[in-house]
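Subject: Structure for you to look at

Hello,

Here is the structure I promised you. Please open it and keep it beside this email as you read.

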Amino acid sequence: MQTTEFKINNTAIPGLLEIDVNMIEDSRGWFQEKYQREKLVAAGFPNGFVPVQHSVSFNRAVGVTRGFHAEPWEKYIGIITGRIFAVFVDLRKGGNFGKKVEMTIDENKTAFVPRGVANSFQTLEEGTYYSYLVNDFWSAEKLSEYKFVNLADTDLSVEWPIALDKAIISDNDMKHPMLKDVKPL
């Protein structure tokens, strides 16, 4: 019998993991374990990550762009349907501050984002469901602990698939500071 398998790949940002996840398909459709703690830990996933909240972001159009947000928790990202261009920036104190990693995430790829690494994404398909598990509860009181970076920061030189002037972006995300103005965590 087939089963979901996880293959973990390290990235240029320490602790940021790119994870390949297979699907079991047949004439009915497909099945996949998006998060299976025992299998993930055996493959090299952080043992201390214990999710307490599961959230889903539905994105109607191509070009929806969100980020850069470094939340005060760790995050495990997966796509239910659709595809995104994701960019991560290390905002932790040290020699990797400002290091950027880009990847495309779809139903067969997930990512683990350590605390202090900002994440952003841009949808590449209509009707993209972005799912994430976190190891702390969201609350408005914790917003002061977030770090943000502007999506258009020229020091990061992100080549967004959909130009930002044609993307769908919240007013808040457009007002984030440039990397040079962000204090490391």
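Below is what was found, topic by topic.

This is a predicted model, so please note the limits: local features need pLDDT of at least 70, side-chain atom pairs count only at pLDDT 80 or more, and totals for chains, interfaces and linings use all residues. Residues are numbered from 1 along each chain as its sequence is written, and side-chain values use heavy atoms, with hydrogens and water left out.

Aromatic pairs

A pair of aromatic rings is described by the distance of the centres and the angle of the planes. Rings of Phe, Tyr and Trp (its six-membered ring) pair if their centres lie within 6.5 Å; planes under 30 degrees apart count as stacked, over 60 as edge-to-face and the rest as tilted. The whole structure holds 14 aromatic pairs. Take F85 and W160: their ring centres are 5.7 Å apart and their planes stand at 80°, so this pair is edge-to-face. F85 belongs to strand β8 (residues 84-90), while W160 is in the loop between β13 (147-148) and β14 (168-169), so the pair ties together parts 75 residues apart in sequence. Helices (H or I, at least four residues) and strands (E, at least two) are DSSP runs, numbered from the N terminus.

Are these two residues buried or exposed? Buried means under 20% relative accessible area, exposed over 50%, partly exposed in between (1.4 Å probe, protein chains only). F85 has 10% relative accessibility, so it counts as buried. W160 has 10% and counts as buried.

F121 and Y130 make a stacked pair, 4.1 Å centre to centre with 15° between the planes. Both are buried. One aromatic cluster is formed by Y35, F45, F49, Y76 and F112.

Y132 has a charge over its ring: the charged end of K75 sits 4.5 Å from the ring centre. The test is that NZ of Lys or CZ of Arg is within 6 Å of the ring centre and within 35 degrees of the ring normal.

Strands

Look at strand β12 (residues 128-134). Five of its seven residues are buried, so β12 is largely enclosed by the rest of the structure. Two strands pair if DSSP finds at least two bridges between them. β5 (residues 53-59) runs antiparallel to β12, joined by seven bridges. There, Q53 stands opposite V134. β7 (residues 75-81) is also antiparallel to β12, with six bridges. T81 has Y129 as its bridge partner in β12.

Now β9 (residues 100-105). V101, M103 and I105 form its covered face; K100, E102 and T104 form the uncovered one. In a regular strand the side chains alternate between the two faces of the sheet. β9 pairs with β8 in the antiparallel sense over six bridges. A86 stands opposite M103.

The largest pocket

Which residues lie nearest the centre of the largest pocket? They are R66, H69, E71, Y132 and D173, out of 31 lining residues. Elements giving two or more residues to this lining include β6 (64-70), β12 and α2 (171-174). A pocket is an open set of points on a 1 Å grid where a 1.4 Å probe fits, with protein on both sides within 12 Å along at least five of seven lines; lining residues have an atom within 4 Å of a point.

S139

S139 is in the loop between β12 and β13. S139 is buried, at 17% relative accessible area.

Best wishes
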